[in-house]
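Here are some notes for a reader meeting this structure for the first time. Please go through them with the model open.

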Amino acid sequence: MVEKGILYYEDSGKARQYYPGIRREEAALAETENLLSRVYKGSIDMMMSTLVKQRSLTKEEIRELYDILEGLESREREREKITQSTSNFCGALCGILWM
């Protein structure tokens, strides 16, 4: 694991002290991606469906999921606006250049 950068260590006398080489969030994301790929063939909806069917969600957990999805939807709308603006600008620029 040291070679992969997951852990590093310091020699302190007779023993080595090991420390994490990556943040917990990075490790969790890597493991989640691995699980998603290996078990659910990359299908997020299949994974979420399985989790929700097998486990009761509290109202707070449901609200958190809605907030996450609404945030993603909002970012996607912003990305589409930027793409549309860029497309309009490029179209106008091409029109000017071809005059």
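Is Tyr18 buried, partly exposed or exposed? Tyr18 is partly exposed, as its relative accessible area is 45%; buried means under 20% relative accessible area, exposed over 50%, and partly exposed in between (1.4 Å probe, protein chains only).

1. Basis of the model. This is a predicted model, in which local features need pLDDT of at least 70 and side-chain atom pairs count only at pLDDT 80 or more, while totals for chains, interfaces and linings use all residues. Residues are numbered from 1 along each chain as its sequence is written, and side-chain values use heavy atoms, with hydrogens and water left out.

2. Overall layout. The protein has 3 helices and 2 strands, in the order β-β-α-α-α along the sequence. Helices (H or I, at least four residues) and strands (E, at least two) are DSSP runs, numbered from the N terminus. Of the 99 residues, 4% are buried. The protein exposes about 9,200 Å², and carbon and sulfur atoms supply 58% of this area. Accessible areas come from the Shrake-Rupley method with a 1.4 Å probe; for residues, only the protein chains shown count as cover. Among contacts (heavy atoms within 4.5 Å) between residues at least 6 apart in sequence, 0% join residues at least 24 apart.

3. Aromatic pairs. The whole structure contains 2 aromatic pairs. One of them joins Tyr9 and Tyr18, which are tilted, with 5.5 Å from centre to centre and 50 degrees between the planes. For such a pair, rings of Phe, Tyr and Trp (its six-membered ring) must have centres within 6.5 Å; planes under 30 degrees apart count as stacked, over 60 as edge-to-face and the rest as tilted. Tyr9 is partly exposed, at 30% relative accessibility.

4. Leu7. This residue belongs to strand β1 (residues 7-12) and is partly exposed, with 24% relative accessibility. Leaving out residues up to four places away in sequence, Leu7 touches Met1, Val2, Tyr18, Tyr19, Pro20 and Gly21. The C-alpha atoms of Leu7 and Pro20 are separated by 4.6 Å, and the two residues are 13 apart along the chain.

5. Lys41. The loop between α1 (24-40) and α2 holds Lys41. Its phi is near 50 degrees, a positive value in a residue other than glycine. Most residues other than glycine have a negative phi. Lys41 is exposed, with a relative accessible area of 77%.

6. Met47. Helix α2 contains Met47, which is buried, at a relative accessible area of 11%. Setting aside neighbours within four places in sequence, Met47 is in contact with Thr32, Leu35, Leu36 and Tyr40. For Leu36, 11 residues away from Met47 along the chain, the C-alpha separation is 7.1 Å.

7. Largest pocket. Its volume is about 240 Å³, and the elements that give two or more residues to its lining are α2 (44-54) and α3 (59-97). The largest share, 6 residues, comes from α3. The lining consists of Ile44, Met48, Leu57, Ile62, Leu65, Tyr66, Ile68, Leu69 and Leu72. On a 1 Å grid over the protein atoms alone, a pocket is an open set of points where a 1.4 Å probe fits, with protein on both sides within 12 Å along at least five of seven lines; lining residues have an atom within 4 Å of a point. Grid points are joined across faces, edges and corners, and a volume is the space filled by probe spheres set on the points. By class, the lining has 9 nonpolar, no polar and no charged residues. Ala, Val, Leu, Ile, Met, Phe, Trp, Tyr, Cys and Pro count as nonpolar, Asp, Glu, Lys and Arg as charged, and the others, Gly among them, as polar.

8. Second largest pocket. The volume here is about 190 Å³, and α2 and α3 are again the elements that give two or more residues to the lining. Helix α3 supplies the largest share, 4 residues. Among the lining residues are Arg55, Glu61 and Glu64, and the classes are 6 nonpolar, no polar and 3 charged. Met48, Leu57, Leu65 and Ile68 occur in the linings of both pockets.
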